[in-house]
Each structure stands twice: as structure tokens, then as C-alpha cells.
Amino acid sequence: MSLSTARSFLSEAGYGEQELDANSALMELDKGLRSGKLGEQCEAVVLFPKLFQKYPFPILINSAFLKLADIFRLGNNFLRLCVLKVTQQSEKHLEKILNVDEFVKRVFSVIHSNDPVARAITLRMLGSLATIIPERKNAHHSVHQSLDSHDNVEVEAAIFASACFSAQSKDFAAGICNKISEMIQGLDTPVDLKLKLIPMLQHMHHNASLASSSRELLQQLVTSYPSTPMVIVTLHTFTQLAASSLIDIPKQLQLLLQYLKEDPRKAVKRLAIQDLKLLAKKAPHLWNRENTQTLCECALSSPYNSLKLGMLSVLSTLSGTIAIKQYFNPGTGGVSAPPRLTDLVKLVQECCYHSNLAVAAHGVTVLANIAISCPEKDMMQLEQDTVMGLESLLVLCSQDDSPRAQATLKTALTSLVQLLKSRPHLSQSAVEFLLCQLHLARDPSRVLMCHALAAIATQLPVLGEGMLGDLVDLYRVASHSSTDKQQELLVSLATVVFVASQSSLSAEVKTVIKQQLENVANGWTVYCIARQASRMGCHEFSSELYQSLRTRVASEHFYFWLNSLKEFSQAEQCLNGLEDGDYSAAMTAIAEALRSYQKGIASLTAASTPLSPLSYQCDFVKLRIDTLQGLSQLICTCNSLKTSPPPAIATTIALTSGNELQRCGRIAMQMRVSMDEFRSIAARYADLYQSSFDADSATLRNVELQQQSCLLVSHVIEALILDPHSASFQDYGTLGSVQTESEYERRMMSVFNHVLEEVEGLSRKHPPVSYLHTGCLCDAVIALLKVPLSFQRYFFQKLQSTSIKLALSPSPRTPTEPIPVQNNQQLTLKVEGVVQHGSTPGLFRKIQSVCLNVSSTLQSKTGGPEYKIPLDSNTNEIEQRVEPHNDYFSTQFLLNFSILGSHMVNVEASVVDESGIEWKTGPKTTVSVKSLEDPYAQQLRHNQQQQQQAQQARPETAPAPQRSSVYARFQ
């Protein structure tokens, strides 16, 4: 394998390669490092980051960095620069270097070179390693010495290293602070060097005295050096220091506002605005009314649009926080003026109609946040002003295709949706306005407006029916070409139509959409629309679209995927026509749905690949199948009351046995089986929920609703038939008050509440079991089935991807070979892991810690002495939590194998998010261990057995038993 082969191996996407392949790639890179050609050496060096990404475990990373350290020690300056770049790119892997002393020793030897460039690269290398050698005194001393060098390159490198070590080491920061102060204040230090030294003071926040002395020095510099570059650098360092030390943020706010108000230089004002925005994000609660008022006055008096835009950006950031409430409610000792009379409202009302679109966008954002956050008194006029400002900006931006106008339009629509969520009485007029603008707007603007309409219709479904006519008319003339924006518009418009229709599409709407799709839509657009139809519960329409797409794909996996989606849609369509009280039709519909679901799960299994196993989809569909089967069986059980009523002696049997359920006959036992089945399905839904760490919140809520429906059925069975006296409805009383986020959730909650009311009323009036009870159960089943199932985003699309890769040591040489361990010793099992992310890590939730569970089970027992061993030492069950750092974690377990034989050790990983919720993400790893008897104990046992055998073989008249036993030991 050549260097080019190693390069092709490392360029492959994905993880999970065997260790042998990674070692082979490392060997090939090592050959490149030892090559006599400089080009091959450089190429090998720059391939190391890909190797680290491919196999991010300490054993390989330690070996690789030691090889790089040798190249750094023996190579030329260009190779050293390449190694430096590799080290900086691989910062997250530095902690995995096991031989830190040896690595630093090889790198540090270059610091004694006569070449100042080599020393400079070494200083930068040491600075890049500051995270793993923060307290290395020889490195500190070299950095101190290099600050006095006469070579500018070496001094700049020393400044870089000083900043890195100051950020990591409290002792280094305290020791270097005086040196830096002297150099900054020294007259012989050039100004450009002072500009590079000043930013180092932002790291002097390790204790209060150090931060105070650094702040005093910066205060002196601001007054002593009034030049623009010096003021800009000093003020920014001031802000960074205050943001890190926290206690000086109010003073820093006053200082920045003073410069913003009094300094005439635009560059300084721009820097002040930039730092004010940083502090607004960092600590908005520390902004008092006076600070916000000063900022408003500066914005009102500023003649420059760029500066006004910056100040409005700061106010926009503050308006979404508690700072806006502190402005309108100054608290004790302050007089709160009416909102419309304040400078802030005057400013944003003026800016809402500004010629600069970005200024207007920030203006309407602040005005909307004020209308949302402030109390409702005196708000009517302010709400009208906000709506007028938003409408004027929407009219202006909807006619412009430029990126700036589209960004402004998106901001304005986001503010409008948030305003309507808190002020629903404004929704009707806003929807009418948006529908009117849809006919006049450009295509990119129409897409954004459709998204806003869908969000509004989801919040207020009552508005959906009113907008449906305009949407269908617009769909008829929506697209005349196949451009990307036209295709996106078709999907967005169809989504709004589905939301407005509330899962019941009329024939006219279907015809209009199909006609447009046949004319100009490509395959991906049709798939996106079908996916949205499945999500909104329009299964008949989605089934037709999937049917048309099956033969238009190039892969059989895609064919089976689309075929499974078609079958699932057909299955759900079978349940759409159910009617209350028609139980036989319900049984037939469920049987048809199950037939389609079985076909679909077979296609779904065929569509899965090793890279895309479709595990969530398969589990969700299997649970749906089991739920439908359970509901069908429940209806059959209810019907059995008619076909097999309780015998005439059922009452006598109940009195004799003391079991009231015997009065109901065989239906009671069937109902208990059905209740247990639904509880087990609900537990499986809970497991599916816990394993879906990467799912979006809507998908998780959908799984939760399925689980609640199963629990509801089991509770209804218990409350009506099995135990009506002790059943409680108090735990379900708050279902109606839960804030719903989608139409599907709203309908499911409505069904839950209706079923509970019916059951509660019936259980109090009639004793079990009668036709009223079984009829109520069947009605509850039909009510649940009549709500069209929603296939949420995670079923089709995975926006966040998180996986964990584990490595165990010691590990067997072959997968089937067990690890030997003596029974009187404990095995130290080291578990290392790497957290691997997709393109958008932490989109929905982030990993706080990893929970590792190690357990062992005895597989087979071998012959040996029978010892009385405490029960605790027979099994291993250990759980430990570890927080990953730079996506790497490591911990150790002590395992006891006192029983001779083969044991199977299971290691399972789960993750804990920032909210403390544990998710069963896996993976599960197993390793085989063979417990062997201690050789010394084995020899003693053999000697004892030989003695016993000799005693048994000795004649009873033997004169010297002691002598024979002594000699027997040496035979």
C-alpha cells in the first residue's frame, strides 16, 4: 500500500473501520515521514488530521504524535510549520496523548536552536499545547525569555504562547502580568508591538486582584494613548476582561456608552457598539434603565445609518430578554412612563419606516418584543403601530428578490408569528393581509410567507378554513417553470393547504395539486409534498403520490422505501372511514390496515442498508401493528359478551370464591390479558422514546401520544371492568390544559378527554359488566382510530446525528477468544469512548454525560472446588457516569470473577442530556472472560487429592501411616 493508498483510505467517509486498517494507514504515513523527499514528508504530515478523525482513540493518536514530534525535532522549518498546523487542527485530540513528557521533550529540544524562526515555531507549538502542559515550568521560562528577544518573529511567537498559557495557567498569568505591563508602558516598545501585547490582558481574570490591576492598567492606557488603534484594542480587551470576570460589567457598560456618546470617531463608536452587543448577549440582566436610555438617545441623535443599525441590533438583542421589562418597570424609586411616551418606542416607531431595510427589520423586531413583553394596559395603540410597521415592511420586501430583502422579510415574519401567538385577536386581519400579498409577491417571498401562514394556522386552526379558497386559487397559477424557487413554492403552498384542510382534502384540492405536479414538478418536489401529506394525516393523497414515484428512482432500496410508505399510507387510509357504533366495519378496516402494514414492514426491511438501518422506522411501525392488533382483539373480546355471556351460576361462583370478577364470566380474564398487552406496548413506546436521542420535539411528542393512547385504553379497561372501585381519574384531569403544538396533538387530546368523561360517568352509574361497558370500550377504540396518524419528520429525515463508539481494554486477540483472569484477582476493564456527530451537532439536545453500565453473567461453569462465596461477589453490576471532554471519555471498572468458568461481560452506553434525561442510545459491547483457578491453589488441591487417594489405598494394618503420607507428597 502506497502513500496514495493511505490517502484514499483516509478520504473515505464514515467510521467503524477495523483497527488493522487504521494501523496500516499509520504505517504508510510513517513511510512517508521517513521518505527522503520533502514533498512526500509534507504530504504525510498533512494527512494526520484525517487519520485522527478516522480513528480517534488514544493508542493510535499517541503513536502518531510521537512520530510528528520526531519530525518536528529533526526536520526543517517548513516541516515544523506543517506539524504546528496539524497540532492546531487536532486540538481536541491533544488530551489523548499518553506520553506527554516524551512528546514535549522532543518538541522542546528545538527551543535551544540558533535559528530564531525555529525557536518561534517551537514557541507557537508550546502555546498550542498549553491545554495539556499548563504548568510546565521550563515552557514558562522559555516564553519569558523569548519576550526579550531582538527578533520580531520570535517576540510575536512568544506573545502568542503567552496568551495561550495565560488562558490556562493561573500561575503563569500572575507571573507574566508585571512583565507585560512593563513592556506596554515602556517607551522603547514600538506601538505595533504594544497593540499585540494589550490583548493578553483579557486573560488576567483568574483572581480579583489580578483582574483589578489589569483593569487599572487598561484605564491608564485609554487615557494616555488616545489614538484610534490603541483605543479600539484597549476597549475591546477591557470588554473581554469584564465579560470573563463578571463583576465589572456594569462599569464597562458605562464606559462603552460614554465613548459611544462622546467620542466623534466612527471606528471607536463601531467598536463600542460591537462590545455592547457582546455584553447584551452575555449579561442582559445587568443592563439597567439608564444604560438602555443612553443607547436610545445615541441612536436618536446619530445621523449615520450604519451606527444606527448597530445600536438597533443591540436593542433588538436586549428586547428579547429581561432588560426590556427593567426598562418599562424601573422598580422602587422609579416612575414608569407610558410605553408610547418613552424614547425607545419613539426610536423604533421611527425606524420601522426607515429606508434601510436592516434598520426597519430591527425596528419592527424591537416593537413586536415590546408589545409581547409589556403589560396589556396602554397596549392597544402600540399593537396597531406594530402591525402597521410589520405590514409596511412586508409589502416592501415581498417585491424584492435580493438576499438582504429576503433576510429582512424572514425577520419580519418571525416577529409577526410571535406577536400573533401572544395576541391571537390580531390573527384574522394578519392572515387576510398575507393572503392578499401572496398574489402580488415574488416567488422567494411567497415561500417565506407560506411558512408563516402554516405556523399561524397551526396555532389557530380556526383560521385554516378561511384561507383554503385563496390558497387553492393561488396554487392554480403558482408555477409556470421548473426553477428551484418554483419547486420550493409548490411544496410550501401544499403544506399550507394540508394544514388548512386539517387532514380532509376535497377532490377539487387534490385535482388542482396533481395538475400542477404533473405539469412542472420534479420527483423530489413530489416526494416532499407526499411527505408533508403523511405528516398532516392526508394519507389517501400521499398514497397516490408515493405510488407514482416508485418507478422513478434509480435504486431498489429507494423503491422499497417508497413502496413501504405507500403501504403505510394505504393502511392508515383504511381507518379513515370509521363510523361510531359500527364495530364490524371497524374490525374489517383494522384487518385491511394490518394487511397493508405487513406488506409495508416487509418492504421497509428490504429498504434498510448497513449505513441506513431504518431502526426507528421499523420499531415505530411494529408498535403500530401491535397496537392495531391489540385494538382488534379488544373489540373481539367486547363482542364475546354477546357470543359467550356469563353462565347462570356465575353469581354463585363469585360468592363462593370471593372474587367479584367471576360474576362477569370468561370476559374478565380476556380483559386482563388485553390490559397487560396494552401496558406492555406502552412500555415499548417508552423504550422507543428513550432511544430517539436525535429526534425533533414533534416526533418525540408523537411517540408520547401513542404511548398515552395505549395507557388510556388499559386504564379504561381497568376502570370499567376489572377494578371500577379503586380506579382514579385525578391523574388525567389536566389533559385538557396542556398546550398543544399541532393539529394531530390537539385532536388526540380531545379524544382522550372525551373518552375519560364517558368512562367516568358510566363507571359511577352501572356495575360491570354490561353491554354499556363493552360499547363504551369499542367507542373509545374507534375514536382513537378515527384520528389520522401523523408520520413526523424523524420518520423521513434525520437532522441531528449522534453516535458513540466504544473501545475496551484488555481486548481479546480474536473475537471468539476469551480474556483469561484468575479467580482470586479482579479484572480491570478500561472503557474508552468517542462521541461522533453529524453535520449539525447539538441541534435538538446536547450530551452532558455518558452513563456506562457494566454487567457480567455466568455462561458455563467448569469443574473446581465448591467454595461458599458471598452472593455479592457472584455477579458484577456497576454503573458509572463520565463527562466527555472534546467528545472523548474514559473510565475503568474492577470486575470480580470468583466462580470458575466462562463469563460474558456486557458494556452498555447511554447518554444524559443537559436536562438530566437519560437516553438509551447504545451501543452495547460484549467481551468473553474465562475465570481460571489460581495455580498455587490448584497445586494445593491436587496435593490434597493425592493424599486422600493414598490414605484410601493404604492397608488398614499399615504400621506407619504418618510416614507413608509424608512420602506420598513427593511421589
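This is a predicted model: local features need pLDDT of at least 70, side-chain atom pairs count only at pLDDT 80 or more; totals for chains, interfaces and linings use all residues.
Let's begin with the whole chain. Its secondary structure comes to 41 helices and nine strands. Of its 971 residues, 50% are buried. If you look at contacts with a sequence separation of 6 or more, 73% of them are between residues 24 or more positions apart.

The structure holds 22 aromatic pairs. One of these joins Phe-620 and Phe-791, whose ring centres are 6.3 Å apart, with 65° between the planes, an edge-to-face arrangement. The two residues come from distant parts of the chain, 171 residues apart: Phe-620 belongs to helix H33 (residues 615–643), while Phe-791 sits in the loop between helix H38 (771–785) and helix H39 (793–796). Phe-620 has a relative accessible area of 3%, so it counts as buried. Phe-791 is buried too, at 3% relative accessibility.

A second pair to find in the viewer is Phe-693 with Trp-919. Their ring centres are 5.9 Å apart and the planes meet at 80°; because an angle over 60 degrees counts as edge-to-face, that is the class of this pair. Phe-693 lies in the loop between helix H35 (667–691) and helix H36 (697–722), and Trp-919 lies in strand S8 (residues 918–919), so this pair ties together parts that are 226 residues apart in sequence. Phe-693 is buried, with a relative accessible area of 3%, and Trp-919 is buried as well, at 2%.

Now return to Phe-620 and Phe-791, and look at their surroundings. Both belong to a cluster linked by ring pairs, along with Trp-561, Phe-568, Tyr-597, Tyr-616, Tyr-794, Phe-795 and Phe-796.

Rings also meet charged side chains here. Arg-124 places its charged end over the ring of Phe-160, 5.1 Å from the ring centre. Likewise, Arg-289 lies over the face of Tyr-327, at 4.7 Å from the centre of that ring.

Next, let's look at how two helices pack. Helix H16 (residues 266–282) and helix H18 (residues 305–319) have axes that come within 9 Å and cross at roughly 10°. Since angles under 35 degrees count as roughly parallel, H16 is roughly parallel to H18. On the H16 side, the contact is made by Lys-266, Lys-269, Arg-270, Ile-273, Leu-276, Lys-277, Ala-280 and Lys-281. H18 contributes Ser-306, Leu-307, Gly-310, Met-311, Ser-313, Val-314, Thr-317 and Leu-318. What is the make-up of this contact by class? It has seven nonpolar, four polar and five charged residues.

Val-854 lies in strand S4 (residues 847–861). Its relative accessible area is 0%, so Val-854 is buried. Which residues does Val-854 touch, not counting those up to four places away in sequence? They are Leu-829, Asn-876, Glu-877, Ile-878, Phe-893, Leu-895, Val-905, Asn-906 and Val-907. Among these, Asn-876, Glu-877 and Ile-878 fall within strand S5 (876–882), and Phe-893 and Leu-895 within strand S6 (888–896). Val-854 can also be located relative to Lys-924: the two are 70 residues apart in sequence, with their C-alpha atoms 9.9 Å apart in space.

Finally, some backbone details deserve a look. Most residues other than glycine have a negative phi, and most peptide bonds are trans. Against that background, the peptide bond from Ser-809 to Pro-810 is cis, with omega near 5°. Pro-810 is in the loop between strand S1 (802–809) and strand S2 (819–822). Another cis peptide bond joins Gly-922 and Pro-923, with omega about 5°. Pro-923 is placed in the loop between S8 and strand S9 (924–932).

Asp-887, in the loop between S5 and S6, has phi near 65°. Are these residues buried, partly exposed or exposed? Asn-886 has 33% relative accessibility, so it counts as partly exposed.

Technical notes: Residues are numbered from 1 along each chain as its sequence is written. Side-chain values use heavy atoms; hydrogens and water are left out. Rings of Phe, Tyr and Trp (its six-membered ring) pair if their centres lie within 6.5 Å; planes under 30 degrees apart count as stacked, over 60 as edge-to-face and the rest as tilted. Helices (H or I, at least four residues) and strands (E, at least two) are DSSP runs, numbered from the N terminus. Buried means under 20% relative accessible area, exposed over 50%, partly exposed in between (1.4 Å probe, protein chains only). A charge sits over a ring if NZ of Lys or CZ of Arg is within 6 Å of the ring centre and within 35 degrees of the ring normal. Axes are lines fitted to C-alpha atoms, for helices over the stretch in contact, and angles run from 0 to 180 degrees between N-to-C directions. Angles under 35 degrees count as roughly parallel, over 145 as roughly antiparallel, 65 to 115 as roughly perpendicular and the rest as oblique. Contact means heavy atoms within 4.5 Å. Ala, Val, Leu, Ile, Met, Phe, Trp, Tyr, Cys and Pro count as nonpolar, Asp, Glu, Lys and Arg as charged, and the others, Gly among them, as polar.
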